[in-house]
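Trainee: Could we go through this model together, please? I would like to learn how to read it step by step.

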Amino acid sequence: MGSTRISLNNLSAKFLMVISIIVASVGFTIGAAVIIQDWFRFQQSLEEKSLLLAHSIALSASEAILQNDTWSLHKNLRKTALRANGNERDTGILSGMVLDPQGVVLAHIDPANNPIGLSLSPATAVDKKAFSESLQAKTAKVFHGGSLFNDPFIEGIVPVFSDRKKIGIVRLRLSTVELYSQARRSAMTVLATTTLLVLIGSFFGALFSRRLIKPLTILANGMQSIGRGQFPDLPLDIFDKKGEIGQLAKSFKWMSRQLEDKKQLEDEMAANEKMVALGRISAGVAHEVNNPLAGILNCLDTLKKHPDDKELVDRYLPIIEKGLHRIRQIVASLLGELRVEGKQEFSDPSCLDDLWELALIEIDDKPIQLNWDNRLDKEVVLNKHRVQQIVLNMLKNAFQVLKNQGTVDFRAFRDGNCLVLEVQDDGPGITKENKDRLFDPFFSTRPDGTGLGLWITYRMVQSLGGSIDVISEKGKGTTFQVFLPAQQDKQETQKETA
Amino acid sequence: MKRVLLLFPVLLSLLFISVRAEERKPVRFGLTAVVVRENLRFFDDMADYLSQKMGRPVKFVQRKSYREIMDMLESGKLEFAWICGYPFIQKRKPEYLKLLTVPIYKGAPFYRSYIIVHHDSSYKDIAELKGSVFAFSDPDSNSGFLYPQFFLTTRNFNFNQFFRQTFFTYNHAETVEAVAARVADGGAVDSYIWDFLKKTNPQIAQKTRVIHASSLFGFPPIVARKSVSVDLTKKMTRALTEMNKNPAGKQLLNTLHLDGFGQFSADIFDDIKVMAEKIKNRQITSSLDRLNGTAKP
């Protein structure tokens, strides 16, 4: 029961996990796509900004370059840069300059370090590359200071033409710091949104999986109840009647009802059988007791008529005594079974060996050979009194069948999950007709037998959850085989007994 | 005759209307880089003041260069102008300008030319600026172009090859800016403007320092077209020269950092005339040298 619940819980947990993983992976994939798209968008807008600014400087630069109007050139450059930045502290513009086609500085945002009228002297390798690219530029282009995701700056390069002659180059370098912080901010937003969506998705996933699993749990619990022999009334209304689970629930309900009917029928049959068996036993007891009683009453009647006839007394008293003994034997057998049923004691297989002595007493001085072979491990636990009774009954039966001479083999061994107790004799064997009635109460082939020994044996084997088998052929001896479950659950046995 | 008599009042009224129209037409007053022109609200106040004193609207007109203002004076688009001493002394045929009044600065109608450099630079003498970038204000400015040219020439430097690069800002204040921003290593400015900026815009002016000051020159004068009526000329002269005699005028003069306007002889500009002539002769000589292939570097 408990294990079933856990496995169902696992199913719902798995469901939740799978839903969460799907939602999360979809969410994060979309998130990543948005972040990357944002990155490219920001980068593109920065590229456009650098080109736009460079173009706007180039537009006014043309005339100033031609007129050698350094101050206007500088003012325009500075104004554009300042306008773009909003304030001077903004680090958006890293540098801006106007060069002549040979690379001489015509105007520079930082004239102190880049003197006008001198050739620009780039310090770093990247600056040198940007410088030579700008000198070669024939059309506007963007120069990147680094790789795709590690770009320290973006530079717009716009050559200035007058009458199709290149008269200068405008270079405007923008910092990517803003780009990175923008991208980071957007990434944080996307991640937060995605995480929230994943959480919400998982929450609904959990609700959904619970809803989905609940009918299964109810069905499973229902099946458990059936296993225990109860027939619960399922709350069918919680199932979607058209869905697969609804169908399953309907089928289950139908099956449960069928099983209930079947069990009722079986119970009735069992009760009938019990009545029949009781009737048979009663009839048997009545018949068995009636025979000696009739003899005893006859004898007593005769003795009453001839109270002084000593010969008659001597003849009839032993008969009366024999009849009463017979009755006592029958009653004792019935009582014996009842007595044994009440007792519970467990032991290792050595308890079987105790029967050896008893068997020898039964054999007395008859020329019967008994071979004893007990191979059961010490770990095996046996319901002592019952198993002893079973084996002893089988041995007694064998000795009686052999009459005066023969061989009896006792074997006990383990076969997989079964314990096998075997008693074999080399007696006359059993006819087919007799074999079918062998375990009926009061069936006996011997005139002095009660016919209860094998019936009791059969019942006890059944009560231990085992089975009994007879292998016999006329003239070739008989083998009784008792199969018992190897793990004899004490409680179960007690329950069965109760 | 009757008809003529009838016509007379009509003519009279027409004359009257035209005089009235003349009176309502604004007097145009040209401004050049000799004053800080960026203070627009001040010149609105100044125009209001002059209008009130003269009984006619006065309008200030600004152009980028001296040349443009001079052209406007010549073509009659301006009645008055505040120009530099250098354009004033240049010969014109026929002469169309007359001197009206000269501002009095620090008690006299004089100013100087300053050679300035960036405050943090190591320049101590104008000679050290050889091969540097230099900013002039206007090709027609005395303090901002003529004087440094003259000074270098008298010290036997070839002015045309002395600096690596030169440019005009057309504004003394912007020359100070160019030096402060290190676009130029040095610049030539009007002492009045530099002192003015030092007080009104110290964060820029303080980034520069003066390494050379010229001798005194006649302060940039107020001139009038000769064709302007005597009446109007007199009104303008009186309005300006009497500014320091009333509180409103005094306040305007204080804003300009001037003591007043006075009437002086055109002789105070003779020094500029001499310099200009010397430069001209030198230029002719040097261009002749160039033609003869005897120019020295």
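Mentor: Gladly! A polar contact is a pair of N or O atoms within 3.5 Å; within protein, one must be able to donate a hydrogen and the other to accept it, and residues adjacent in sequence count only if both atoms are side-chain atoms. This is a predicted model, where local features need pLDDT of at least 70, side-chain atom pairs count only at pLDDT 80 or more, and totals for chains, interfaces and linings use all residues. Residues are numbered from 1 along each chain as its sequence is written, chains are lettered from A and ligands numbered from 1 in the order in which they are written, and side-chain values use heavy atoms, leaving out hydrogens and water.

Trainee: How many residue pairs are in polar contact between chain A and chain B?

Mentor: Both residues of a pair must be at pLDDT 80 or more. Counted that way, the number of pairs between chain A and chain B is 5.

Trainee: Which side chain of chain A meets B:Glu174 in a salt bridge?

Mentor: A salt bridge needs a side-chain nitrogen of Lys or Arg within 4 Å of a carboxyl oxygen of Asp or Glu. The rule finds 2 across this interface. In the one with B:Glu174, N to O is 2.6 Å, and the partner is A:Lys75.

Trainee: Is A:Ser50 buried or exposed?

Mentor: A:Ser50 sits in helix H1, residues 2-66 of chain A (helices are DSSP runs of H or I, at least four residues, numbered from the N terminus). Buried means under 20% relative accessible area, exposed over 50%, partly exposed in between (1.4 Å probe, protein chains only). The relative accessible area of A:Ser50 is 0%, so A:Ser50 is buried.

Notes. Helix = DSSP H or I, 4+ residues; strand = E, 2+ residues; numbered from the N terminus.
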